[in-house]
Amino acid sequence: MKMKIGIALLVLFASCKGTSQEKEMATDTKVENTKEYSVQKTNAEWKKELTDAEYYVLREAATENPFSSELLKIKKKGTYVCAACATPLFKSQTKFDSGTGWPSFYQEIEGNVGYEIDNTYGLRTEEHCATCGGHLGHVFEDGPEPTGLRHCINGVALKFVPAE
């Protein structure tokens with residue numbers, strides 16, 4: 001009897017499908033699957049230009065440890081740019097403390113951030129630099145107004161340029 005209940009529970013849990021797997025982004029953010037970028041370099045060229053940590057995150061889609069980025073402490077006005085190609089990605093006015101341990105923004109600079117489906121840990125939307133394709137992080141629908149989005153970005157993928 002216990003065996004039958006165990007098998008029934010196993011089948012039940014295995015057949016469950018979370019609603020996040022069915023839900024599309026409620027924003028008008030377009031998901032693109034293009035692999036052509038205006039800045040293209042070989043892995044050897046990227047390795048020469050980037051630190052080991054930058055290469056690991058930007059080119060291999062890794063994630064830095066939470067609360068490890070110095071960018072979390074920055075409160076000045078300025079722009080956060082791609083660490084690989086200097087494309088402006090986020091304005092400081094859209095940064096907020098999400099408590100997650102990664103720099104978070106509620107809005108990207110339109111046209112400079114690209115999106116792809118990432119199903120490595122469930123269904124998520126990955127963000128990358130639209131100029132060089134560098135992996136930035138992921139976007140979630142639990143951010144503040146006015147967008148309701150949380151762009152959760154690896155600090156090592158960004159550089160801060162203070163406003164003049």
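Two strands are taken to pair if DSSP finds at least two bridges between them. Strands themselves are DSSP runs of E with at least two residues, while helices are runs of H or I with at least four, and both are numbered from the N terminus. The model here is a predicted one, so to speak: local features need pLDDT of at least 70, side-chain atom pairs count only at pLDDT 80 or more, and totals for chains, interfaces and linings use all residues. Residue numbers run from 1 along each chain as its sequence is written, and side-chain values use heavy atoms, with hydrogens and water left out.

Strand 6 sits between two pairing partners. On one side, strand 5 (residues 113–118) pairs with strand 6 in the antiparallel sense, over 6 bridges, and D118 stands opposite R124 of strand 6. Strand 6 also pairs with strand 7 (residues 135–140), again antiparallel, this time over 4 bridges; here H128 has H135 in strand 7 as its bridge partner. Strands 6 and 7 make a hairpin with 5 residues between them, and G133 in that turn has a positive phi of about 80°. Strand 6 (residues 124–129) is mostly covered, with 5 of its 6 residues buried (buried is under 20% relative accessible area, exposed over 50%, partly exposed in between, using a 1.4 Å probe and protein chains only).

What about disulfides, and how many does the structure hold? The count is 0, a disulfide being a pair of cysteine sulfur atoms within 2.5 Å. For C82, the closest cysteine sulfur belongs to C132 and lies 3.7 Å away, which is too far for a bond. C82 is buried at 2% relative accessibility, and C132 is buried at 1%.

Turning to the aromatics, rings of Phe, Tyr and Trp (its six-membered ring) pair if their centres lie within 6.5 Å; planes under 30 degrees apart are stacked, over 60 edge-to-face, and the rest tilted. That rule gives 3 aromatic pairs. One of them, Y80 with F105, is edge-to-face, at 5.1 Å centre to centre and 65° between the planes. This pair links distant parts of the chain, as Y80 is in strand 1 (residues 78–82) and F105 in strand 4 (residues 104–105), 25 residues apart. Both residues are fully tucked away by the numbers: Y80 is buried at 0% relative accessible area, and F105 is buried at 0% too. Y80 also pairs with F160; the centres are 4.8 Å apart and the planes at 50°, so this pair is tilted. Because F160 lies in strand 9 (residues 158–162) and Y80 in strand 1, the pair ties together parts 80 residues apart in sequence. Y80, F90, F105 and F160 form one aromatic cluster.
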